[in-house]
Amino acid sequence: MALELTVGGSAGAPRRLLANYPWNVAALVLVISALGVWNLASASRSAHAPVWIAQLWFMAAGVGLAAALAFFDDRTFHRLAWVFYGAVIVLLLLVMVKGRYVMGARRWLAVGPVRFQPSELAKLAVAVALARWFHDDAPKRRGAYGLRQLAVPIALTLLPAGLILKQPDLGTALVVVAVGATVILFAGVRWRSVAALLGAVVVAGVLVWPHLKPYQRKRVETFLHPEGDVLGAGYHATQSMIAVGSGQGTGKGWGQGTQTLLSFLPEQHTDFIFSVWAEEHGLLGCLLLIGLYLGLVTAALGIAGNARDRFGQLLAAGITGMLFWQAAVNMGMVVGLLPVVGVTLPLMSYGGTSVITVFLGIGLLGSVAVRRWVN
Amino acid sequence: MVGLESGGSAPPREPRERVPWAALVAALAFLVIAGRLYQLQILRGDEYKGRADENFVKELRVPADRGLILDRNRRVLVDERPSYDVTLTPYFCGKGCEDVLARLSSMLALSPEEGQRARDRLQAARGLVRFRPFTVKVDITREELDVVEANRVPGGVLGGVDVIPTPHRNYRQGTWAAHLFGYMNEVGADEIDRLNADLPDGQLAYQPGDFVGRRGLEKRWETELRGVDGRRRVVVDARGNATGEDLEAELIPEAQRYEPPQPGKNLVLSLDWRLQEFAEKTFPGTAGVVLAMDPHTGFLLALVSRPAPDPNKLSGRITRAELAAIHADPLQPELFRAIQQHYFPGSTFKVVTAVAALEEGVFRRGGTIFCPGHYTLGRHRWRCDKESGHGTVDLEHALGASCDVFFYTLGDRLGADRLAAWGEKLGLGQPTGFDVGGETAGVMPDEAWYDRHIPGGYQRGMAVNMGIGQGDVRVTPMQQLVLYGALASGTVWRPQAVLRIEDDRGETVRQFAPEARFQLPLRPETRQAVLAGLEAAVNKPFGTAYGSRLPPEDGEMVGKTGTAQVVRLGTRRLKASQVGYFERDHAWFAAFAPEDDPQIVVVVLNEHSGFGASNAAPTAAAVVKKWLELKAQDEAERRGTAGPQEPEPAPAPSVPPVERPGAAPRPRGAALPARGGARGA
């Protein structure tokens, strides 16, 4: 067991670790993280607590975790996949029973002084579990997957997503589904199945609509007509777009964003952190950040493309999907292209669990990348 | 699309083959977001920049002080005082609002309707409306203010309660000259657009809650009195809280942070309040008018019009019941009798008959008419005031003793057309042009008028009645004033009450010159003959107003009494006390003095009081005497001090300054802090 946990324990391991480590990913992550902390320092000017210091600690912990994970052979994660997945499901069930209510939702679990959201870990758990299932399943298969053969991975995705939706946390549930879908798509699906799946999603949407909370429905309606209700549910969307638009070409400058400073931006530390960036750094800053995210996503995709086995490829693809969907959905929401759902912007949004989750994902990417030539 | 293939028998393809597709999807997604950013930040950037600025810049109005109304000696007649209005902001009393309201109710002795209204507002306050203060009670007393302020401590029992000192119009003299001043009240929702549609240059739009001048000078000179509100721009955060001066300095350009209000202009009236006060106190009537004018200029010196509602009440401080009582009052207190009501002039009209007869040649100077005590035309007989008859009278005696038969005769000789024509030549039957609006023209009926208005049309006897100012001749007190002023000076004036308009520093911005409408078209000897009659009326023992003559040292007053029948009575004249109030005659007196150099012309109308000689002339005489005294006194003072006196500066507004932390520097005249403060979203 000890040997397996430290696979790569041969004499050349440290050198290989350094040589194969995806430094491009690490550099992009560190640059985005630094910008994120810098941006938070501005956003917290009007808040009571300087949250950027806390964020710095989370990131330090995250870097440590990511580095540590890189030492493990990705086969370890293959082996532990079901344990991890099972543990996350248990935690999600625990949240339903013992979770803390914050603003009407039960998302937090307190372990001693530490509070965290198991739903964040569920994104990783789905990626790991699905990667393992497809890895193990591949030898038995001929050709691409049909819908019936996808029953298990779809169930593995929808179980945690359903639990998270129950909290309720629509945004994270959607990301979990997106991660699952990404892994499934990478694994290979028949055209017909995809069409059927899309149809199922539409049907599910129609069926789910009556059961959505009024605030969720309101958000979707507001997305369709944001200016219709400027002071009510459209307030978030409207103020966010004002912040972004008023940044213009080069922004108002760090700490000069009036929307930020005077608290017109709701959730400005977390879900709407991108509007702070856009207001203070303008289109130029935004293009820089988008470029960094695109770089991170393509670098992560590169790891998926070079992984030695199906598990590594799919795990890297799932984590890439997590990063990409969160970034795209969050920015799309802030600029008014998508309805307001609670999705964080990786490495920019404030939040311990969110930061740790991203870094755990980066750690897994590192682990996969380092052993790409090892058999 | 990622990871799609059409099945087959080979094992599933490697996931890595889908990487390029995935990269393409990611790039496209980010490209869409970048495009959207370009749209928001570049194409619509200016628009959103403006909206961001609007977000945090809150404009507060700094109300301009309304102009004062002063008398000719710059005594303040109308100004502003603080009205302490109690407001409640639901957000700040939270769950304890009901308790706070209950406490306020006992502290302020709220009426049941006031209490109910406040509870309704509290119930209705949801969401952001809870940040909006609403008024619980306006204009609390000093005692109530003390009680509220003592309890209004942080964390105290009156959370959310504010006392806002609001400038409120103050008519210092109550009902005196109230119709001339007018009053003010809140601008109505239905008229606000109309008012704002034709705003003069430089004026700010009216907003709900603003007060606007109603009637009288307040309405006529609204634009001048109103001033221009100033503006203060403050930076507020999302909750509407002011953020302080540091941020303001950073975010709002200096020049835009504060625009001082421009105080309204002051009206300086031609009235002398000493004379007004005297006239108000001397005039014994329940209802009536006392007018005094400078016959050389047409400027009014005093204007009593009674009864009048209190403009302080009318200015937004009146209850429904009180308003209903005013409307139901048979004396019609809202009627500005001096210009809005016309009356039979009675014997005061005989000057017109005399002028017409002399000018038309139907009566020669020096001629006489025999008065047997009645005048007969056909089967109709008109009674003279003196039933035994005056005997043979000339014009002087006829005017002096007010012989009716004499003027029945002249009226009959002249006919309605010529009488009415001369009435109009003397300024009657048309508005005097007194510039506060609502003036009635009176009636100078000619034959055509009778044909139009009376069944059966014009008949000769009607002119007989007109000869003594009955029939259908109707004049306003202001017309009488202008007529007798014209007899005194030879000029028919447009009567005016505003001497000049000053800015807040006392500089004249507009001076009103005397306005002659026309010269009296009389031969000098005609005027001479009429004046002789008026002189006899006051100064000869047979004169009707002999009892009201001035002491010799004041010179001679000349004038004419009138007793206008209101209702046709039986064949016997009754004393005033023998008939009901509304059946009694109106008493008139019109006079000027001194005869050789007229300084003042006075008209007194005492409604339903009986004889002019006893119920109007004494007031007129007292007012004339008072004015001559005041002139002499002023003359003596002017000689006593070296050179003409400097006009004293306009007195400071009576509203005490209220300091607020963070208030912008206050210019002169802006005594109150911005209304509403920076609270409320």
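Predicted model: local features only at pLDDT ≥ 70, side-chain atom pairs only at ≥ 80, totals over all residues.
Trainee: OK, at what angle do α11(A) and α13(A) pack?

Mentor: Axes are lines fitted to C-alpha atoms, for helices over the stretch in contact, and angles run from 0 to 180 degrees between N-to-C directions. Here the angle is about 30 degrees, and the axes of α11(A) and α13(A) are 6 Å apart. The two helices are therefore roughly parallel to each other.

Trainee: And which residues of α11(A) and α13(A) meet?

Mentor: Contact means heavy atoms within 4.5 Å. On the α11(A) side you'll find A:Ser240, A:Ala243, A:Val244 and A:Ser246, facing A:Ser275, A:Ala278 and A:Glu279 of α13(A). By class that's three nonpolar, three polar and one charged residues. (Ala, Val, Leu, Ile, Met, Phe, Trp, Tyr, Cys and Pro are nonpolar; Asp, Glu, Lys and Arg are charged; the others, Gly among them, are polar.)

Trainee: How do α13 and α14 of chain A pack?

Mentor: Helix α13 (residues 273-306) and helix α14 (residues 310-334) of chain A pack at about 165 degrees, with axes 10 Å apart. That makes α13(A) roughly antiparallel to α14(A). Residues in this contact include A:Ile290, A:Tyr293 and A:Leu296 of α13(A), and A:Leu323, A:Phe324 and A:Met331 of α14(A). The class count for α13(A) with α14(A) is 16 nonpolar, four polar and no charged residues.

Trainee: Moving to chain B, which residues of α1(B) are buried?

Mentor: Buried means under 20% relative accessible area, exposed over 50%, partly exposed in between (1.4 Å probe, protein chains only). In α1(B) the buried set includes B:Ala22, B:Ala23, B:Ala26, B:Phe30, B:Ile33, B:Arg36, B:Leu37 and B:Leu40. An α-helix has 3.6 residues a turn, so residues three or four places apart point the same way. The cover over the buried residues of α1(B) includes α8, α11, α13 and α14 of chain A, plus α2 of chain B.

Trainee: Where is A:Pro168?

Mentor: Look in the loop between α7 (151-165) and α8 of chain A. A:Pro168 is buried, at 8% relative accessible area.

Trainee: What about B:Thr353: buried or exposed?

Mentor: Buried, with a relative accessible area of 0%. B:Thr353 belongs to helix α17 (residues 350-360) of chain B. Beyond neighbours within four places in sequence, B:Thr353 is in contact with B:Phe407, B:Leu410, B:Gly411, B:Leu414, B:Leu419, B:Met466 and B:Gly467.

Trainee: Now the whole chains. How many helices and strands does each have?

Mentor: Helices (H or I, at least four residues) and strands (E, at least two) are DSSP runs, numbered from the N terminus. Chain A has 15 helices and four strands, and chain B has 25 helices and 24 strands. Buried residues are 56% of the 375 in chain A and 53% of the 681 in chain B. Of the chain A contacts between residues at least 6 apart in sequence, 74% join residues at least 24 apart.

How values were computed
Residues numbered from 1 in each chain as written. Chains lettered and ligands numbered in written order. Heavy atoms only, no water. Parallel < 35°, antiparallel > 145°, perpendicular 65-115°, else oblique.
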